Every structure is written in structure tokens, then in C-alpha cells.
Amino acid sequence: MKRSLVYLVGAGPGDPRLITVKGLECIKKADVIIYDYLVNIDLLKAARPDAEFIYVGKQGGAHTLEQDEINQLLVKKALEDKIVTRLKGGDPYVFGRGGEEALVLHENRVPFEVVPGITAAIATPNYAGIPVTHRDFTSTFGLITGHEDPTKDESSIDWAKISTGIGTLAFYMGIKNLPYITGQLMKHGRSKDTPVAVIRWGTTPQQKTVVGTLDTIVQKAKDIRPPAITIVGEVVKLREQLNWFETKPLFGKTIVVTRSREQASEFADQLYEHGAQVIEFPTIEITKPDAVQPLDEAINSIQSYDWLVFTSINGADAFFQRLFELGKDIRDLKGIKVCAIGPATEGGIEKYHIKVDCRPPKFVAESVVEELKKITGIKGEKFLLPRADIARSFLPEELQKLGGEVTDLVAYKTIMAQPRNINLVDKIKNGEIHIITFTSSSTVRNFAQIVGEKNIAALNGHVQFASIGPITTQTAEDVGLRVTIRADEYTIPGLVSAILKSVTSATIQNSYKSL
Ligand code: SAH
């Protein structure tokens, strides 16, 4: 039996990883998630597949629902015997109207819990290199709404007291009123030279920070639109030394990952670690083969093989899943040697508690043949290759030529993914995307088909293409894409290093130009 319960959850300031453990648990168990404009929608990926999502964002003046209606919706959903997670940006009780929502729940006797979140005034200056307190600069820190109507006769903010009484001041929702806010502070005694930072979309890859003084910031931040927070105080100076986030090598770069959804996250995580914004644009989907019979037959006579050769994690997963489905387990593989094309595939195999006997130094089929030649001599050996429907014929052909007996099987099928509803071509032409990555030939071919062959030529020059290895590079060049970033080691970490190298050398070149 379920019970009505509403969790008012702070989703944190923008970076989805800044939610609390408890907040994330509330997302996972919710029947209904009601979320705001400032909530990073990546967090919704953690929800149950059958969860209902309701967007009630208020962006500037445009409200999808009025606050009263949101309150009523919370009560209504909870009374339907549901677990409702109400996700709000930052902390629910800091300028988030969480107090009002909690009171309505209380009045309607709906049980609720409130989960704190990291509020913008703490997280966004941090990501801009500003500690909000520091013993040498200030021992006080104030959170203030900048949303107050400046034409009101009576201000609820005691400007005289806060201007000189508090060291660091954080103004939420104050962009429109910035001239009023800075004016009030100076009028009430704060020095015009006090450092000020305005931070927009803090903690996200789109973060933008403008720094000035009370006297200059209005002019300097004139192009900044909400959501942005204004930090006033001497601590802003520390940004010169403590700016750890905006100085990450891939900060400000938008990078597209074209591999399948299942495989994207490891790659996306590594790019994120270096500060990039990642757009997942899967071009392939992995499905079962049309016929499982050949795979079943091979598995049923598995002891007749000398070698199992895997050229992808997908091949390994498909093979082992089917092995288990047929009621067998790894004991049935006793005595059979295993080869993995590269470290990622090896890792995928080790998951099943199998050690790899052959790992080629270069992670391509040619190197697999060389290494197998060294280890077994190939002639007379029996090889099973559980691979993709579109795998290259080089490996089975070469092994056969050298006298090997080869069963080349379709263990899984790759199909073209449904294009995601983002206009990638326009984004590329507008310079909103910096690098597009390819991790296999099929990602290249499907990408070309999705964006349209006629658009391909026009993309070169607007964006850089990065490739994991020589075969993928060749395919890209065959379809007319100019590859400028090439991995030296044909793995995801190798590709990440190549991207880092290219970005760093471009930065050095640009700084020479500006000398
Ligand atoms: N409850 C939220 C605040 C909601 S009020 C919290 O605790 O953070 C909305 C205001 O918060 C915005 O106008 C802006 O001033 C600030 N804000 C929220 N997220 C922000 C972000 N990522 N970057 C800059 N300002 C942000």
C-alpha cells in the first residue's frame, strides 16, 4: 500500500551532481515529479520509467501555473495516494516559496518532508572562484532578494543596515534591479570600489561570470540576463586565485557524443570531468539479432572452440546474456581462450569473471591477428567471433587465410537511432557546438544519414570532428567529414586525451596571437 507523501526537494543550483543523496532517493521513488524552471532536467533521468512529470516553471514573467495552482496540484496528487516529489532549484526554503507550499500541505493534513539543497548563493560563487566567507575579508554573509519593486514607498530591506553591516551580500533575482541595488548600497555608505561579481547559470557549463565594482558593474553586466546572482564584497577578489571551475580545459566547450545511449555515459562523464558541456546525440541503437539460432548453436557446442574473440563490449554482453539464458554459465567455457580487442572490451569481459588471454597492443582487428599469430599460430585453431551485424570482414577473413577455422556470428545488431529532436545542423552553423565525436564507423555513417548527406560539406570548418581510430577516421573522410582530432590510443580515454591536447594547443596558439 502506498501512502500520500510530498517531498519538497532542493535540486541544487544547476550541476545535477550537486543534489543531495536524499534528494536523489526522493526522485527515484516518486510517482509524480513536479519541477521548476531552474531544475536541471538531467536529474529526471533517475526517476522511475512510469513516473509522471509535471513542469510548473516560472520563467521571468511567464508562468505555466500560478503559485496557488501549484499548491493545489501538490495536495491533489498526494491525496491520490501518491508519492510526490516537488523539485525546486537550489534550496526549497531560500527564495523558493517552499515555505508557502509546506504550509498548504500542513493545512490540508498532507504529510511532507523537506530536503535541503545547495542554494545558489553558496554554490555559484564557489564555481566562480569566490568563497562567500574568509577570515581575512568578512565574517558575515547575507542572502537578499533583489526582486523588490524599486518604486515601492517602503522597502522591506533595511539598506542602511545591510550596506555596511554585512560583509558578503548575495542578491537573488536582482539582474533587472542591478542599478537600484548598487545605487542603494553606495548611497548607504558602501564604498564604490567594493568588488562585485554577477554569475549567470552558475555551476553549469554555460556559467558566465562578470566582475566589476559597485561603480562599474551595471555597465559591465549589461548583457547578462537572468538567472544570475550578484555577489558583493571583498571576497570576490579571491577569484583571481581560486577560479577552479572556469579554468578547466574543456570549460565553455560543447561536445556531441554520438554513440549509443547505453555506452554514452562513461565517455560523457570523462568529458564532464574536464568541464565540457556534453550533448548526447545517439546515432545507434543496439538490438538483438534477427535470428538467434546460429548463436545458440555455437553456444551449445562451445567446447568445440579454442578461442572466443570479442571486438566490442556489446558482443561480449550479447554472448554472455545468451549463454546465461540458455541455462549455462562460465564453467561451460573452461579451457577456451579469450581475446579482447581493447581495454574497454576486456573490462566488459572481466565483469563476467573471465580473464583475457590475448590483448593486442593496438586496438584494431589487424593487431588482433598479429597477436593471435604470436600466441597460437592460428592454423588449425577454431575461433568463435560474436560480433555486430555490420562488423568488418577483415578479422574472420584474415584468420581463415592463415588456416584458422572461423565462426563469425551476429551476436547483436546495430540500427540507426531515431534522431533526437534537436536541430544539430543549426546549432553547428551558429557555432554553439565545438566538437563532434565518433567512436565507430557506424556512428559516422548514421550521423551522416541523420543530418543529411547534403549538409555534410557545409559542416566542415564550423565544428571539429574527433575520431577514436583510423578505421573510423577513414569512414568519416569517405562521407566528407574532415577529422581534425585523432586519438593516438584507440580507446575512450585516448579520445579524451586527444580532445584535451587539441583544445590546449588551440588555447596556446590563440594566446600567442593576442600577444
Ligand atoms: N531556491 C533557489 C532560488 C530561487 S530564486 C536557491 O536556493 O538557489 C531564483 C534566483 O536564484 C535566480 O533569479 C538567481 O538569482 C538565483 N539562481 C538560482 N540558480 C542559479 C544559478 N545556477 N546561477 C545563478 N543564479 C541562480
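1. In this predicted model, D317 touches K351 and Y352, residues up to four places away in sequence being left out of the count. D317 itself belongs to helix α11, which runs over residues 313-325. Its relative accessibility is 18%. Because buried means under 20% relative accessible area, D317 counts as buried.

2. H353 has a backbone angle to check: its phi is near 65 degrees, a positive value in a residue other than glycine. Most residues other than glycine have a negative phi. H353 sits in the loop between α12 (343-350) and α13 (365-376). With a relative accessible area of 69%, H353 is exposed.

3. D81 also deserves a look, having a positive phi of about 70 degrees although it is not a glycine. D81 is partly exposed, and its relative accessible area is 36%.

4. The bond from P226 to P227 is cis, with omega near 0 degrees. Most peptide bonds, by contrast, are trans. P227 is placed in the loop between α7 (217-220) and β12. The strand β12 covers residues 228-232, and it supplies at least two residues of the shell around the ligand.

5. Among secondary-structure elements, α4 (120-127) is, like β12, a source of at least two shell residues.

6. The shell has 18 residues, of which P13, V94, T119, G202 and A228 come nearest to the ligand. By residue class, the shell divides into 12 nonpolar, 5 polar and 1 charged.

7. A nitrogen atom of the ligand is 2.9 Å from a backbone N or O atom of G89. For D91, a backbone N or O atom lies 2.8 Å from an oxygen atom of the ligand. In T119, an N or O atom of the side chain is 2.6 Å from a ligand oxygen atom. On its own, the ligand has 540 Å² of accessible area, and the protein covers 92% of that.

8. What are the domains of the protein chain? The chain is divided into domain 1 (5-117), domain 2 (122-242), domain 3 (254-283 + 418-513) and domain 4 (287-416). Between the centres of domain 2 and domain 4, taken over C-alpha atoms, the separation is 61 Å.

9. Y55 lies in strand β3, residues 52-55. Which residues is Y55 in contact with, leaving aside its neighbours within four places in sequence? They are Y35, D36, Y37 and T64. Y37 is 18 residues from Y55 in sequence, and the C-alpha atoms of the two are 7.8 Å apart in space. Y55 is partly exposed, at a relative accessible area of 35%.

Terms used
Residues are numbered from 1 along each chain as its sequence is written. This is a predicted model: local features need pLDDT of at least 70, side-chain atom pairs count only at pLDDT 80 or more; totals for chains, interfaces and linings use all residues. Side-chain values use heavy atoms; hydrogens and water are left out. A residue is near a molecule or strand if one of its heavy atoms lies within 4 Å of it. A polar contact is a pair of N or O atoms within 3.5 Å; within protein, one must be able to donate a hydrogen and the other to accept it, and residues adjacent in sequence count only if both atoms are side-chain atoms. Accessible areas come from the Shrake-Rupley method with a 1.4 Å probe; for residues, only the protein chains shown count as cover. Helices (H or I, at least four residues) and strands (E, at least two) are DSSP runs, numbered from the N terminus. Ala, Val, Leu, Ile, Met, Phe, Trp, Tyr, Cys and Pro count as nonpolar, Asp, Glu, Lys and Arg as charged, and the others, Gly among them, as polar. Buried means under 20% relative accessible area, exposed over 50%, partly exposed in between (1.4 Å probe, protein chains only). Contact means heavy atoms within 4.5 Å. Domain bounds come from an automatic or database domain assignment.
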